[in-house]
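These are notes for a colleague who is opening this structure for the first time. Please read the points below with the sequence and the coordinates side by side.

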Amino acid sequence: MASSGDCDAEGDALPARKASSTDPSSLLQSWPPTPVNPCTRVHATCNTNNSFVRVDLPGAELSGILVSEPGLLTNLQYL
């Protein structure tokens with residue numbers, strides 16, 4: 001099971017991606033910087049250990065630098 005520290009690190013990875021992206025469709029506007037539970041973010045799916053397994057951003061047309069923080073998403077199967 002993931003520790004709360006792991007969940008916090010994973011929760012920080014998505015806002016880092018948002019901050020480094022150009023988001024012309026405003027798809028990431030729904031991602032608050034510090035939600036109570038990062039797994040409640042729209043377009044993100046977690047497993048039973050509250051670890052991200054899927055981030056689905058269809059047609060988002062995101063551009064920008066892919067920061068290193070998504071490497072913290074060790075259980076991610078789909079981006």
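1. The disulfide. Cysteine 39 and cysteine 46 are joined by a disulfide, with 2.0 Å from S to S. The term stands for a pair of cysteine sulfur atoms within 2.5 Å, and by this rule the count is one. In general terms, a disulfide is a covalent bond between the sulfur atoms of two cysteines. The link of cysteine 39 and cysteine 46 is left-handed, with -90 degrees about the S-S bond.

2. Basis of the values. This is a predicted model, in which local features need pLDDT of at least 70 and side-chain atom pairs count only at pLDDT 80 or more, while totals for chains, interfaces and linings use all residues. Residues are numbered from 1 along each chain as its sequence is written, and side-chain values use heavy atoms, with hydrogens and water left out.

3. Overall layout. The chain has one helix and four strands, in the order α-β-β-β-β from the N terminus. Helices (H or I, at least four residues) and strands (E, at least two) are DSSP runs, numbered from the N terminus. Of the 79 residues of the chain, 32% count as buried. Buried means under 20% relative accessible area, exposed means over 50%, and partly exposed is in between, with a 1.4 Å probe and protein chains only. Of the contacts in the chain between residues at least 6 apart in sequence, 60% join residues at least 24 apart; a contact means heavy atoms within 4.5 Å.

4. Are cysteine 39 and cysteine 46 buried or exposed? Both cysteine 39 and cysteine 46 are buried. With neighbours within four places in sequence set aside, cysteine 46 is in contact with Cys39, Ser51, Phe52 and Val53.

5. The core. Which residues make up the largest nonpolar core? There are 10 residues in this core: Ala13, Leu14, Leu28, Trp31, Cys39, Ala44, Cys46, Phe52, Val55 and Leu73. At least two residues of this core come from each of α1 (4-19), β2 (44-46) and β3. A nonpolar core is a set of buried Ala, Val, Leu, Ile, Met, Phe, Trp, Tyr and Cys residues joined through side-chain atoms within 4.5 Å. As a general remark, nonpolar side chains tend to be buried together in soluble globular proteins.

6. Arginine 54. The structure has one salt bridge, formed by aspartate 56 and arginine 54, whose closest N and O atoms are 3.4 Å apart. The rule asks for a side-chain nitrogen of Lys or Arg within 4 Å of a carboxyl oxygen of Asp or Glu. Aspartate 56 counts as partly exposed because its relative accessible area is 25%; for arginine 54, also partly exposed, the value is 34%. Arginine 54 also lies over the face of tyrosine 78, at 4.0 Å from the ring centre. A charge sits over a ring if NZ of Lys or CZ of Arg is within 6 Å of the ring centre and within 35 degrees of the ring normal.

7. Two residues with positive phi. Histidine 43 is not a glycine, yet has a positive phi of about 75 degrees. Histidine 43 is in the loop between β1 (21-22) and β2 and is partly exposed, at 30% relative accessibility. Asparagine 50, not a glycine either, has a positive phi of about 60 degrees. Asparagine 50 is in the loop between β2 and β3, and its relative accessible area of 37% makes it partly exposed.

8. Asparagine 75. Where is asparagine 75 found? Asparagine 75 is in the segment after β4. Not counting residues up to four places away in sequence, asparagine 75 touches Glu10, Asn47, Ser51, Phe52 and Val53. Asparagine 75 and glutamate 10 are 65 residues apart in sequence, and their C-alpha atoms are 9.8 Å apart in space.

9. Serine 63 and glycine 59. Serine 63 lies in strand β4 and, leaving aside neighbours within four places in sequence, is in contact with Ser20, Ser21 and Thr22. Glycine 59 is in the loop between β3 (52-55) and β4 (63-64). Glycine 59 counts as exposed because its relative accessibility is 61%.
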